[in-house]
Amino acid sequence: MDAEAYYYRALVWAWEAGIVQGVDAERFAPQSMVTREQLVSLLYRYAQTQNMDVSEKADLGDYADAEQVSAYAREAMAWAIGNGIVEGVDAATLAPKGTATRAQAAAMIGRTQAKGYALADLTFTDSGKIPGYADYYIRTMAAQGVINGYSDGSFKPHSNITRGQMAKILYNLM
């Protein structure tokens, strides 16, 4: 099954909800990698569709590369920082144009959720490679059935997350 077919229902839902857009007028490109600012923008639009409070925002000026945040993502990034959803890759750097890993995405998505979900025992073949900052969020979302691994049993926490995977995860949160 190709990626478009696998992600089809999630992509249609995310498109109709206004969470995602195509890379151009004719293509969604589900296998394309998501940057950190794109991920935050997707989460911001998702939060709005779920009637989450998106009013609290932070100043981006604390980061040396704040000027690299695209105009379309500035409000979303300010919301994500202000609500502890995104952290810099270090104390001074946001790296908005850097690609987001599956572990980073899981942590950011998990930080938008209420606390108190059950924790799954992780049985991924590469569970030992999951960074500590993402472990709790991956365990809670695995318990909810929101995220899963690959057919080979791995999670690949350091692999880049794709547009299709993000649409599917947000769809699964519904």
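The largest cavity in this predicted model is lined by Gly-110, Gln-113, Ala-114, Lys-115, Gly-116, Tyr-117, Tyr-136, Tyr-137 and Thr-140. Its volume is about 40 Å³, and a search of the whole structure finds one cavity of 30 Å³ or more.

**The cavity and its lining**

- Helix H5 supplies three residues of the lining of the largest cavity, which is the largest share.
- Gly-110 and Lys-115 are among the residues that line the largest cavity.

**Salt bridges**

- The count of salt bridges in the structure comes to three.
- One of them joins Glu-37 and Lys-97, whose closest N and O atoms are 2.8 Å apart.
- Glu-37 belongs to helix H2 (residues 36-49), whereas Lys-97 sits in the loop between helix H3 (74-82) and helix H4 (102-111), so this pair ties together parts that are 60 residues apart in sequence.
- Glu-37 is buried, at a relative accessible area of 3%, while Lys-97 is partly exposed, at 42%.
- A salt bridge also forms between the side chains of Lys-57 and Glu-75, with an N to O distance of 3.7 Å.
- Because Lys-57 lies in the loop between H2 and H3 and Glu-75 lies in helix H3, the pair ties together parts that are 18 residues apart in sequence.
- Both partners are partly exposed: Lys-57 has a relative accessible area of 36%, and Glu-75 has one of 46%.
- Arg-139 and Asp-135 likewise meet through their side chains in a salt bridge, at 3.8 Å from N to O.
- These two residues, Arg-139 and Asp-135, are four residues apart in helix H5 (residues 132-144), and are therefore separated by about one helical turn.
- Arg-139 counts as partly exposed, with 22% relative accessibility, and Asp-135 also counts as partly exposed, with 27%.

**Helix H6 and Tyr-171**

- Helix H6 spans residues 163-173 and includes Tyr-171.
- H6 is mostly covered, in that eight of its 11 residues are buried.
- The buried residues of H6 are Arg-163, Gly-164, Gln-165, Met-166, Ala-167, Ile-169, Leu-170 and Leu-173.
- Tyr-171 itself is partly exposed, because its relative accessible area of 27% falls between the limits of 20% for buried and 50% for exposed.
- Apart from neighbours within four places in sequence, Tyr-171 is in contact with Arg-9, Ala-10 and Trp-13.
- Tyr-171 and Ala-118 are 53 residues apart along the chain, and their C-alpha atoms are separated by 20 Å.

Key: Residues numbered from 1 in each chain as written. Predicted model: local features only at pLDDT ≥ 70, side-chain atom pairs only at ≥ 80, totals over all residues. Heavy atoms only, no water. Buried < 20%, exposed > 50% of the residue type's maximum accessible area, 1.4 Å probe, protein only. Contact = heavy atoms within 4.5 Å. Salt bridge = Lys/Arg side-chain N within 4 Å of Asp/Glu carboxyl O. 1 Å grid on protein atoms, 1.4 Å probe; cavity = no way out; pocket = protein on both sides within 12 Å on 5 of 7 lines; lining within 4 Å. Points joined across faces, edges and corners; volume = space filled by probe spheres on them.
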